[in-house]
Amino acid sequence: MSRTAYLLLLAVFLAPAVIIYSTFSIYPLLATIFNSFYDRQDDGTSLFVGLSNFTTLLSDPTWSAPFWNAFRNNCLFFLIHMCVQNPIGLVLAALLSLPRLNLRATYRTLIFMPTMLSVVVIGFSWQLILSPLWGVAKMFLSFFGLGFLFGPWLGEESTALLTISLISVWQFVGIPMILIYTALLAIPDELIDAATVDGLNQFQAFIWVKLPLILPTLGLVSVLTFVNNFNAFDLIYAMKGALAGPNFSADIMGTLFYRVFFGNQLQLGDTSMGSAIATMMFLIILTGVMIYLFVIQRRMHRYSF
Amino acid sequence: MAEVLIDKLCKSYGSAEILKDIDLKVEDGSFVVLVGPSGCGKSTLLRCIAGLEPISAGGMTIGGRQVKNLPPAKREIAMVFQSYALYPHMDVKGNMAFGLRFAGTPKAEIEARVAEAARILQLEPLLKRRPRELSGGQRQRVAIGRAIVRKPQVFLFDEPLSNLDAALRINTRVEIAKLHKLLNATIVYVTHDQVEAMTLADKIVVMNKGRIEQAGKPLDLYYKPANLFVAGFIGSPAMNFLEGHVTGSGRVEAAGSGLTLRLPSSCKPGDKVTLGVRPEHMNLGAAPGPLLQAQVDLIERLGETGYAHLRLPTGQVVISEVRGEPGHVTGDSISVGFDPVRCHIFDAAGRRIE
């Protein structure tokens, strides 16, 4: 085959991926970053303003207060997932991989089920469950004499974000579980036998042998959680609308961006500032992933058995 | 070191009986090899001794102590696994010291024991390496080192050589034999390789379908197999079996011809018997015993020796060892003989008749 024909063939096979990836991923990303350097005038023209959109976003109190609020809330959202979702996923995976367990497949399916449901369905169902008027949660707690614990969790500034985060945890706990479960299954039984002969019980073998071996998977789960959480939008929008109330207490980067870019109620859409927020989101996620790739992952060893 | 006594041990998974009434004595300081075909229960028996599998019935003592209900770590055993089962996230030293650290052994003692094991196994330059930076043979030595530092009463080996290539396997086999002498250790060793069994063992235990078929010194099993299974399992190529029946005093009709043998007096005319002759005890052409007519099917030449596959008039194929350079080719009609003294006789139930 001649060199030209070979290059042509390469181009033909690469083209579909390159075209689709460029059109739907690279172009929008670059266009957004490009947009964030311009200010759209009332007459419809765009004016290059350099970094001034970003200065406004970070220093003008009208912009910076909502931005930092959303950033703080988003960090909290991520923290709750890291501290609740992933440890529970780990424990569930450890339980699922116990040698003597009946109904393994049933548990696995049931726990994974919410992940497959639509976020809108989840959001709506939980709104009904937690409703102070006729929610089943209130009746359920009262049945056990714990009715005094119930509160309008979704309606109070102090608990709205926490409640939504926990609903999200409930929905997505299946993903870390499945990833960690798969990693645990790859550990050969003989290794645990060796640990048993060395005097470790099941729990100690998990802590000292299995856990160090699945660290790469835990890292992967963490970085996936981070990316997903800082891109989150749908559950909060489904339950609380774009205002992410009460009083923006559940506002995260995604909902802030949505309001600014597309406009909401009396707020007019502002594509330039919206793009600036989107670019900030991109930078935050990029930073997080870079830290993972260059600082954490390099120190981790992957093991083949 | 200690002796292991297994008394009427049974093991079943649900209704499936894996081990049935196993009685076995492993003498102090002896090297016992469990052999048998896949699924015969030899690995399960080893895991029962280790305590990794609970036993369903019967008992077991190690060094006079009943260990039936003790966890593996309390049985004073050490095990070398088929896949070596080294901890991938620890270096060689960490792997060897791990169990000791868990047992609360003083640090100086751990250092000393690891250094000693490393010296015996020539692992000193590798102590800081992780398992994945080691070759198969080195991993094997680390696995043995991990066993040595525990100073166990009994070493258990589960097919330790099966993951090594042929050349390394022979070397390691010799190393293990030396190690046994050096440590004066009691060893129970599982393999499906009868060469390993014959060369290493003080006592071979042949297992089949969850039972012990015969236990004894390697050459006893070779010269006096207790039944057809052991006769067919020990020796390579396998023993030739000729079905026949007793026709008269000292005479057997087998392989389509009448043969004169020295039969024990317990054989009556009409009894069904099986004659067993090892390939190395058969001779092409003249022999000091009965002759069979056969046609050459194939000759495998290995150099100094070779194996002739011979088709008898009944259609059965027997294998005979040939020394030197046989002149025969496929299709030749020849006669093959064997020494009646070297012929094993088994009764209808497959038991050896003396």
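Colleague: How many helices and strands does chain B have?

Modeller: Chain B has eight helices and 21 strands, taken as DSSP runs numbered from the N terminus (helices H or I, at least four residues; strands E, at least two). This is a predicted model, in which local features need pLDDT of at least 70, side-chain atom pairs count only at pLDDT 80 or more, and totals for chains, interfaces and linings use all residues. Residues are numbered from 1 along each chain as its sequence is written, chains are lettered from A and ligands numbered from 1 in the order in which they are written, and side-chain values use heavy atoms, leaving out hydrogens and water.

Colleague: And what share of the residues in chain B is buried?

Modeller: Of its 354 residues, 52% are buried, meaning under 20% relative accessible area (1.4 Å probe, protein chains only).

Colleague: Turning to domains, which ones are assigned in chain B?

Modeller: Domain 1 covers 4-233 and domain 2 covers 240-353; the bounds come from an automatic or database domain assignment. Their C-alpha centres lie 39 Å apart.

Colleague: How many residues does each domain give to the contact?

Modeller: Domain 1 of chain B gives 10 residues and domain 2 of chain B gives 10 residues, where contact means heavy atoms within 4.5 Å.

Colleague: What area is buried between them?

Modeller: About 850 Å², with carbon and sulfur atoms giving 58% of it. Buried area is the accessible area (1.4 Å probe) that two parts lose on being put together, summed over both.

Colleague: Lastly, what box do the C-alpha atoms of chain B fill?

Modeller: Along the principal axes, the box is roughly 75 × 45 × 35 Å.

How values were computed: Buried means under 20% relative accessible area, exposed over 50%, partly exposed in between (1.4 Å probe, protein chains only).
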